[in-house]
Amino acid sequence: MSSPTAGGGPVRDPAQRGAVSLRGVTKRFGDTTAVDQVDLDVRPREFISLLGPSGCGKTTTLRMVSGFERPDEGRVIISGADTTDVPPHRRRVNTVFQSYALFEHMRVAENVAFGLKVKRQDRETISTKVAQALDLVRLGELAERYPAQLSGGQRQRVALARAVVNQPEVLLLDEPLSALDLKLRQAMRHELGRLHTELGMTFIFVTHDQQEAITMSDRIAVMDQGRIHQLGTPTEIYERPASRFVADFIGETNLLDVTLVGTEEGAATVRTPSGEVIGRVQVEGARTGGECVLAVRPQRVVVVAEVAPEPQDCTLFGGVLVDLLFLGDATRATVRLPDGSELVAVRHNEAGTHPFGMLRPGDRVKVGWLHEAACLLDR
Amino acid sequence: MRTIARSQRRAAVALGGSSALVYAFFYLPVIVLIVFSFNKARTGGAWTGFTTNWYSLLAQNDQIKTATVNSVVVAIIATSVATVLGTMISLALDRHTFRGRKAAQQVVYLPVIAPEIVTGVSLLAFFSLALGRLNDILGRGAEDAIRLGRPTVILTHIAFCTAFVALVVRASLRTLDPAIEEAAADLGAGAWTTFRRVTLPSIMPGVLGGALLSFTLSLDNFVITFYVAGPGATTLPIEVYGQLRRAISPEVNAVSTLIFAASSLLLLSALGVQAGVARRRLQQVRPAKQGPEPNQPITDPNPTPIPQRRGQ
Amino acid sequence: MQTAASQRARRRRVAALLSPGLGWITVAYVVPSVLVFIYSFLTPKLGGGVIWEFSTETWQEIVARGRRSEAGWGTVGAAALRGMLAAAAAGAAGAAIARYLGRGGARGVLRAAGAVGALVGLHHLAIAYNNYSAVFARSVVWSLWATLICAALALPLAVFISSRRSPLARNALLVAVMIPFWTSMLVRTYAIRFILANTGPLNSIIEGLGFDRIAFLNTRFSVMLGLVYTALPFMILPLYAAVERSDGVQLEAARDLGARPPQVFLEVFVPLIRPGLIVGSVMVFVISVSQFLVPALLGGGKTNMIATLLGLQFGTAFNWPLGAAIATLFSLITLLSLYALIGRKDEVELL
């Protein structure tokens, strides 16, 4: 218990400040493996999201960074130093907890001051820093309130201020927005983005909400069953999902069971169950035929009347429009293919026009997608 | 360098060790007492051999037998009355809001917080005065006067048992969704039918539990009873107290063992019925929470209401 | 929408439900207290009872005389001095703790030190003043010690039970606390008396080891042991409920913010379980301070605690007014300490 500063371990490289590396990290609880051989490199000052359904191991991963769980295997390296065995109170990492975990018996200012007090900073420094942190989250006037007197959004800001006032090298956020209502959640997304830019620290953000992850992150790690399925920028994850799970989890996706016919120069030709042969499907790596899944976003699906001329760069095939659903800002069309599978298309509603023209449910239509919009995944 | 793991393990060992010591502290004296109730030697703390002789002697001890009968009669009457009255109070307190509700609640807590010795002597003073007036009115002299005895003991026990039942039943009423009563009313049931067909069956575990616990309470009560019993209505604890004040004897060990066994059994059956309440509560739909990770142990946020009991 | 008639019917129903039970509790608990207060101003009748003649003799005896002749100003002064010394010692200890925790809170430390000092001072004064005040002071101080010991023993146990993951283990451990909680206090006190007796099992072991017998019974040790033994479950159960209800994430948050384990304990854990700690302390204190059986069976039945003194007046000594006065004072102290410790807010949650 020598110094309250972080981490033990060897000399720290300033360039590594805020970097987090997980090396083959595994955590088991009884018979279940919550986190399974995870490798992850978080860059300094990056905003990275761990995204996945509940029980996928994202929170456990976060808790190994904060020090509340010790990995059964593997190492946790923070700011270039091996931190695997450092207890939480000696890590330069702070957490915004899902339930906020505010100290109900302390005022807002005391909550924020807690971390500084236990590190025995002098009183003036503490009050200056607390005031700054509260201003940062725009809660200056509520310093003397108790947590019980605050709204959900305000509690959330206190939790944020309480964590960032310690100037951690890495800020961990465990589903911090999940307890807020939709409007607040959207406002807080901007707020978090602003804080990330202003503070210049690494953010590791755990969420099950793909929209949150996509709008805020520099990179996203999609997790399921204790493993990272894909790590990439939001665009990469959205446009080029690496697996059926990712494609399905991120946004709405049409998944068609297809058979691979052949590949050339990164483009594949596939056959749909109803016998259509479609070319120019994106494919990563080499594939040699067999059963695959074709994924295409509803926004990229084209639906036109049977008699309409074929747009360019499109492969179209026949189907029946079975449903049109007005969604407010968009309209959603469902087309049934001859084999019974369905394709969903979504179009934004422009003022005064109908996105699907004069089409009505029951009409025979032509459906397809822009070339390069579909990608091929393992089944 | 497994700092976290080691310090956690050390803390766990310290916790477990100190807890084991506390449990030993609880049970060692009682176990020793039970063991020595089978000891051959009449005096002394050395083990000289096994016998059930003291229990046979007990069976022939008329004073103990009379006192036991006395205790059981008092406990049965007091519990029966208290269960009805206590349930009524808890219904009024839980299902209605009215002026003076807070004051009523505090009165219910009185038997729980009032020091028993004060209650005992106050009731002695009260009964002496009341019975004195009664005898004057009835014109009874010294020979046929009504004195302290079994009726005063029963009346006293009814008072604290009622408060106690009210608290236990109220705990189980709290877990009951008031909407089911509204549903019954909505379906056309009157107040009495609703109570008999819907409310009472739902809180039955609490009522039974409260009854069993109040039975134990009545059987065990010593201090208050000591002052209101008078010479005619010696209950078992008073008889035992008298004997053990005179001398430590293996018979006292034997009767203590029996009392301990009886109240443990009563408590366990009370808890057994009340477990029904807990089970029902577990079945209630819980709001789905976001992202529970498998590492969080699932704990019941509201442990079974713990009945509180005042000591002597 | 409630009509006046339905409201009247509702009110009638509440009254019908409440009045028999509540009425009897009131008659049995409130009326006698008033009566006892009245009795304290009457004249004692030989062999028990009262003569209905107004007298302040009893209160004069308790307040002003109380048969302790040696209580001169010197003794009282010495008591006050000891109180101040204690306050200073408490202050120094508090300051050391505050320094260790890295907190400024000088005011809190001073207040705690002042409270301890005042308590010690009052205790010495009361012991020196007269026999009655001495008995009251002794009962109170012993009960405070018992409360402290119970809290120290109960807290690890409560944490241990609630940290069990299997509900079965948790319930079994809880039931194991509830059995002593529920079984006859008489039997449990007797068990201690039996073991500690001069010819009891403990002494026969000691003799077997070749030592002299030790007179455990009728000492401060045996009384304190009895107080803790009988009251401990009353601390464990509310503490357990509080630990179970407390938000464990707050502890993690404290560690996350850099608090060392002792800081987490004192600054976050203790405030979290405060309601349970208060309820448990009140229960243990009230039970201990009104103990009748423990001083009777383990303390030798000498006038060493309030309940013994009180019981004697209605038994062998047969001075009902004196007993009534003691009972009145005692109820007052109990109510005041309940009120002071619990306050209004937590009281609803009590029990």
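1. Helix 3 of chain A is followed by A:Arg138, whose phi is positive, near 60°. Helices (H or I, at least four residues) are DSSP runs numbered from the N terminus. This is a predicted model: local features need pLDDT of at least 70, side-chain atom pairs count only at pLDDT 80 or more, and totals for chains, interfaces and linings use all residues. Residues are numbered from 1 along each chain as its sequence is written, while chains are lettered from A and ligands numbered from 1 in the order in which they are written.

2. Stay with helix 3 of chain A. It covers residues 123-136, 14 residues in total. From first C-alpha to last it reaches 20 Å, close to the 20 Å expected at 1.5 Å a residue. The expected span is 1.5 Å times one less than the number of residues.

3. Which residues of this helix are buried? They are A:Ile126, A:Lys129, A:Val130, A:Ala133 and A:Leu134. Buried means that 20 or more other C-beta atoms lie within 10 Å of the residue's own; exposed means 12 or fewer, and partly exposed is in between, with C-beta atoms placed from the backbone. Seen down the axis, the buried residues of helix 3 fall within an arc of 135°, so they line one face. That arc is taken from the directions from the helix axis to the C-beta atoms.

4. The face turned away carries the exposed residues A:Glu124, A:Thr125, A:Thr128 and A:Asp135. On the buried side, the cover includes helix 2 (108-118) and helix 4 (152-164) of chain A.

5. Now chain C against chain A. Here 18 residues of chain C are in contact with 22 residues of chain A. Contact means that the C-beta atoms of two residues, placed from the backbone, lie within 7 Å. Helix 11 (248-256) and helix 12 (261-272) of chain C each supply at least two residues of the chain C side. The largest share, 7 residues, comes from helix 11 of chain C.

6. Next, the largest nonpolar core. It has 270 residues, and A:Ile204 and C:Leu239 touch the most other members. Such a core is a set of buried Ala, Val, Leu, Ile, Met, Phe, Trp, Tyr and Cys residues joined through C-beta atoms within 7 Å. Helix 10 (residues 220-245) of chain C gives the largest share, 16 residues. Leaving aside neighbours within four places in sequence, C:Leu239 has contacts including C:Ala154, C:Leu155 and C:Ile273.

7. Last, chain B. B:Leu268 is found in helix 11 (residues 250-283) of chain B. Is B:Leu268 buried or partly exposed? Partly exposed, because it has 14 C-beta neighbours inside 10 Å.
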